[in-house]
Amino acid sequence: MKIACDNIDRLVNVAIRPKGMPRSQMSDLYDLVKGENPISYDVAKAVLDQPGAKVGIFTGAAVPGHLPKGENDGPLGSIVLGRALQKLGYDVNIYTELENMEGTVAEAKLIGCEVPIIELERGPGAQHSRLSKELDIAFAIEKAGVNDFGVQHSVNGNSRKGTRAVIDDLIDTMTNSGKLTVGLGDGGNEIGFGKVFEKASDILPYGRECQCGCGGGIVTVTATTYLYPISVSNWGAYALTSALAIGAERPDIILEPEEEGEMLRLAIDLDLRDGGTGTAVFAVDGISGEASMGFVELLKEIVIVALTPYERDF
Ligand SMILES: [Zn+2]
């Protein structure tokens, strides 16, 4: 499983996004935060150690005017991971802001994901404090976190304050009480990167100074038990799904390449946009839909090969 997870983590850090978006920085941060084992291995083990746990998946990155119904990166990963965890017997809910609900619900229906999708209040408030107590495990997938001035940012340094929920306190409370929290991100601005705050601030283009004038950079101060820096957040969620499939010996829970294609095509109709171009096209984070399907195909191969006995008798 470790070798397979190492390959999964290498694959998910192939930085093929367009110039101007973080590329090599994510794999540098991956290397920094990785312990003895591949991160996908550690996360899958930690999840599988808590069978039946109550899991919350937090996602959504809508921006008024630019991404009015949200981005396709984040929600798709969340429903794929959520579907897998539910099949493994976990009690899963997905939380996202009102703007992202329509797209996320429709995409979930498309792939037969029956995880409840619940409106995430902007909080912090009663819902957030209740969840911090009720949940055993939290995943934050492409979910912006605040910097040391309390401001959320886009990857290129624009303020996102007021556009989305602030769940930093919710995550901090869980992490500090010893619960498993996992941050998946591809920009450094997302929840989890507080774990590598100094290094991320040093190497990211707007790491020390944003463009909004708040006085800080884009890197969030919010850390998680595990941080999974990856090339595309959806890919990170698909990667963890694959690691879980190997760990649980359940290849039936993975995402099929055809499903990735169908989800990305439906995203165009739903106006769930590609974050790379800010338009509704067959792409994720500026990478073509065909390439993303290819990525899913390679992940699938890693899972199948890892779970298939092999003997060579010549
Ligand atoms: Zn700022």
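Visitor: How much of the protein chain counts as buried?
Guide: In this predicted model, 54% of the 314 residues of the protein chain count as buried.

Visitor: And what about the radius of gyration, what would a compact globule have?
Guide: A compact globule with 314 residues would have a radius of gyration near 20 Å, and the protein chain has 18 Å, which agrees. Taken along the principal axes, the C-alpha atoms fill a box of roughly 65 × 40 × 35 Å.

Visitor: How many helices and strands are there?
Guide: The protein chain has 11 helices and eight strands. Among its contacts with a separation of 6 or more, 76% are between residues 24 or more positions apart.

Visitor: Which residues have the most contacts inside the largest nonpolar core?
Guide: That core has 91 residues, and those with the most contacts inside it are Val43, Ile57, Phe58, Phe139, Ala140, Ala239 and Ala243. The element that gives the most to this core is α9, with nine residues. As background, nonpolar side chains tend to be buried together in soluble globular proteins.

Visitor: Let's turn to the sheet. What is the strand order?
Guide: Six strands form an open sheet in the order β3-β2-β1-β4-β5-β6, and the pairing is parallel. The edge strands, which each pair on one side only, are β3 (117-119) and β6 (226-229). From one strand to the next, the twist averages 20°.

Visitor: How many bridges join β1 to β4?
Guide: Five bridges join strand β1, residues 54-59, to strand β4, residues 137-141, and the two run parallel. Within this pairing, Phe58 stands opposite Ala140 in β4, while the bridge partner of Thr59 in β4 is Ile141.

Visitor: And over how many bridges do β4 and β5 pair?
Guide: β4 and strand β5, residues 180-185, also pair in the parallel sense, over five bridges. Here Phe139 stands opposite Val182 in β5.

Visitor: Is β4 enclosed or open, and why?
Guide: Five of the five residues of β4 are buried, so the strand is largely enclosed by the rest of the structure. Ile137, Phe139 and Ile141 point one way from β4, whereas Ala138 and Ala140 point the other way, and all are buried.

Visitor: Back to Phe58, what does it touch?
Guide: Leaving aside residues up to four places away in sequence, Phe58 touches Tyr95, Leu120, Ala138, Phe139, Ala140, Ile141, Lys143 and Ile167.

Visitor: Now the helices. Is α4 mostly covered or uncovered?
Guide: α4 is mostly covered, with 11 of its 13 residues buried. The buried ones are Pro75, Leu76, Gly77, Ser78, Ile79, Val80, Leu81, Gly82, Arg83, Ala84 and Leu85.

Visitor: What do those buried residues pack against?
Guide: The buried residues of α4 pack against β1, β2 (91-96), α5 (98-110), β4, α9 and α10. As for the length of α4, its 13 residues should span 18 Å at 1.5 Å a residue, and its end C-alpha atoms are 18 Å apart, which agrees. Just after α4, Gly89 takes a positive phi of about 95°.

Visitor: Which residues of α11 are buried?
Guide: They are Gly289, Ser292, Met293, Phe295, Val296, Leu299, Ile302, Val303 and Ala306. What covers them includes α1 (2-11), α9 (233-248), α10 (257-270), β7 (283-284) and β8 (287-288).

Visitor: Two lysines to finish. Where is Lys69, and what does it touch?
Guide: Lys69 lies in the loop between β1 and α4 (75-87). Not counting residues up to four places away in sequence, Lys69 touches Ala62, Glu99, Asn100, Glu102, Gly103, Leu270, Asp271 and Leu272. Its C-alpha atom is separated by 9.7 Å from that of Glu97, 28 residues apart along the chain.

Visitor: Why does Lys69 count as partly exposed?
Guide: Lys69 has 19 C-beta neighbours inside 10 Å, and a residue is buried if 20 or more other C-beta atoms lie within 10 Å of its own, exposed if 12 or fewer, and partly exposed in between.

Visitor: And Lys19, buried or exposed?
Guide: Lys19 is exposed, with 6 other C-beta atoms within 10 Å, and its place is in the loop between α1 and α2 (24-33). The C-alpha atoms of Lys19 and Gly286 are separated by 9.8 Å, although the two are 267 residues apart along the chain.

Methods
Residues numbered from 1 in each chain as written. Predicted model: local features only at pLDDT ≥ 70, side-chain atom pairs only at ≥ 80, totals over all residues. Helix = DSSP H or I, 4+ residues; strand = E, 2+ residues; numbered from the N terminus. Contact = placed C-beta atoms within 7 Å. Rg over C-alpha atoms; globule rule 2.2 N^0.38 Å. Core = buried A, V, L, I, M, F, W, Y, C linked by C-beta atoms within 7 Å. Pairing = 2+ DSSP bridges. Axes fitted to C-alpha atoms, helices over the stretch in contact; angles between N-to-C directions. Expected span 1.5 Å × (residues − 1).
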